[in-house]
Amino acid sequence: MAPIADQGACSVCLETPLPEELLATGLCLAHYMVAVERTCAVMRRHVASHNVSPEYREQLASYAVESALVLSRAASSLSLSGNSKDAVLATFLSLMGLLEHTDRPEADHFELNRVAHQAARDAAA
Ligand SMILES: [Zn+2]
């Protein structure tokens, strides 16, 4: 388990220490997941209501994969309650749903799915 960083607390709730893996975001795990869910919702709405460019779809794919990796590392470094584990898995599902709106090959979907399953196994350990 990675040590909790002493560089401050979450910029939203102002009390939860930041895990090392989320220092760059300034958010605790719960608020990181809220931010990811909101971003996924905005991006999905944008794709549904606009004729988006291939470059934008590539940005979606990059965001989904990078966020899943950060989430996986952060979630597996903490001791999570059952509800928190459920929230982590729900956030992975949102990221996978976002990836379905891209033109990325199936291999990327498989990779994201693999990362989500590994994080779930790590969180359950
Ligand atoms: Zn927070």
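Visitor: Why are H1 and H2 called roughly antiparallel?

Guide: In this predicted model, the axes of helix H1 (residues 29-49) and helix H2 (residues 54-77) cross at roughly 165°. Angles over 145 degrees count as roughly antiparallel, and therefore H1 and H2 are roughly antiparallel to each other. Their axes come within 11 Å, and the crossing is left-handed.

Visitor: Which residues of H1 and H2 meet?

Guide: Leu29, Tyr32, Val36 and Met43 in H1 meet residues of H2, namely Leu60, Ser67, Leu71, Ala74 and Ala75.

Visitor: How do the residues of this contact of H1 with H2 divide into nonpolar, polar and charged?

Guide: Eight are nonpolar, one is polar and none is charged.

Visitor: What makes H2 roughly antiparallel to H3?

Guide: H2 and helix H3 (residues 82-99) pack at an angle of about 165°, and their axes are 9 Å apart. The cut-off is again over 145 degrees, so H2 is roughly antiparallel to H3. H2 passes H3 in a left-handed crossing.

Visitor: Which residues of H2 meet H3?

Guide: From H2 come Leu60, Ala61, Ala64, Ser67, Ala68, Leu71 and Ala75, which meet Val88, Thr91, Phe92, Leu95, Leu98 and Leu99 in H3. By class, this contact has 11 nonpolar, two polar and no charged residues.

Visitor: In what order do the elements of the protein chain run?

Guide: From the N terminus on, the order is β-β-α-α-α-α, with four helices and two strands in the protein chain.

Terms used: Residues numbered from 1 in each chain as written. Predicted model: local features only at pLDDT ≥ 70, side-chain atom pairs only at ≥ 80, totals over all residues. Axes fitted to C-alpha atoms, helices over the stretch in contact; angles between N-to-C directions. Parallel < 35°, antiparallel > 145°, perpendicular 65-115°, else oblique. Left-handed = near helix turned anticlockwise from the far one by under 90°. Contact = placed C-beta atoms within 7 Å. Nonpolar A, V, L, I, M, F, W, Y, C, P; charged D, E, K, R; others polar.
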